[in-house]
Amino acid sequence: MSLSHKRQTREIITKAICGKGRKFSTATHTVTPPHHPTSILGAWIINHQYEAVAAGNGIEVIGTYDVNIWYSYDKNKQTEVAKETVSYVELIPLSYLDPRHRASTAQVSAEATQEPNCVEAGVSPGGGSVTLRVEREFDAELVAETKLRVFVSDQADDLEDKDYDFEGENYDYDDLDPDALDDEL
């Protein structure tokens, strides 16, 4: 069967990024140390671990991290470090999702663009616990098989007699700022 002279298309199945999302969030945690804190001397987060799983039209990031709070007690006469492991589930909605992807081939991934970071810590009004505000941000991608449509021609010289002008006024690349370009291209 030969192709006619009119343009025809074919479909190519390939793996591609079929969904993307990003989410910045804040969370508030309350930690109750063994002694009533007088003041907070420092708060930090370590041992962050997470994994991404598909969840409907989004991606869930399931993770844990350790919260360490250095505090004084007994009217600022003694200090101690309180440690607690915090679990979280963050749903990242996909701002782009190709509805034609093959769901059975989907693979998801997430990257912490901002690791969990304690931005505020203070003694609660009752004085028996510490309240922390934590910020975190994730980028997520869904990779799956999808179809691309390409034009097909049986004429080997079909493109040779076409005149393409890539230097027209619509293609002025001299004004581009190379520092503003995305490094991931």
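The structure is a predicted model, in which local features need pLDDT of at least 70, side-chain atom pairs count only at pLDDT 80 or more, and totals for chains, interfaces and linings use all residues. Residues are numbered from 1 along each chain as its sequence is written, and side-chain values use heavy atoms, with hydrogens and water left out.

Strands here are DSSP runs of E with at least two residues, numbered from the N terminus, and two strands pair if DSSP finds at least two bridges between them. Within strand 7, Val-134 is the bridge partner of Ala-27. Strand 7 also runs antiparallel to strand 6 (residues 107-123), with 13 bridges joining the two; here Thr-131 of strand 7 is the bridge partner of Gly-122. Strands 6 and 7 form a hairpin with 6 residues between them, and Gly-127 in the turn has a positive phi of about 85°.

Glu-135 sits in strand 7 and counts as buried because its relative accessibility is 18%; buried means under 20% relative accessible area, exposed over 50%, and partly exposed in between (1.4 Å probe, protein chains only). Although Glu-135 and Thr-26 are 109 residues apart in sequence, their C-alpha atoms are 4.4 Å apart in space. The side chain of Glu-135 makes a polar contact of 3.5 Å with the side chain of Gln-114. A polar contact is a pair of N or O atoms within 3.5 Å; within protein, one must be able to donate a hydrogen and the other to accept it, and residues adjacent in sequence count only if both atoms are side-chain atoms.

Not counting residues up to four places away in sequence, His-48 touches residues including Thr-64, Ala-112 and Phe-138, where contact means heavy atoms within 4.5 Å. Thr-64 itself lies in strand 3 (residues 58-73) and is partly exposed, with a relative accessible area of 26%.

Across the whole structure, a search finds 11 salt bridges, each a side-chain nitrogen of Lys or Arg within 4 Å of a carboxyl oxygen of Asp or Glu. One of them joins Glu-137 and Arg-22, with the closest N and O atoms 3.9 Å apart. This pair links distant parts of the chain, Glu-137 being in strand 7 and Arg-22 in strand 1, 115 residues apart. Arg-133 and Glu-135 also meet in a salt bridge (3.8 Å, N to O). Another connects Arg-100 and Asp-98 at 3.7 Å, N to O; Arg-100 is exposed at 63% relative accessible area, whereas Asp-98 is buried at 7%. Glu-11, Lys-147 and Arg-149 are linked in a network of salt bridges.

Finally, Leu-41, Trp-44, Ile-46, Trp-70 and Val-81 make a nonpolar surface patch of about 430 Å². Patches are made of residues with over 30% relative accessible area and no salt bridge, with like charges joined within 9 Å and nonpolar side chains (Val, Leu, Ile, Met, Phe, Trp, Tyr) within 5 Å. Strand 2 (residues 37-55) supplies the largest share of the patch, 3 residues.

Note on methods
Areas by Shrake-Rupley, 256 points an atom, 1.4 Å probe, with all protein chains shown as cover. Helix = DSSP H or I, 4+ residues; strand = E, 2+ residues; numbered from the N terminus.
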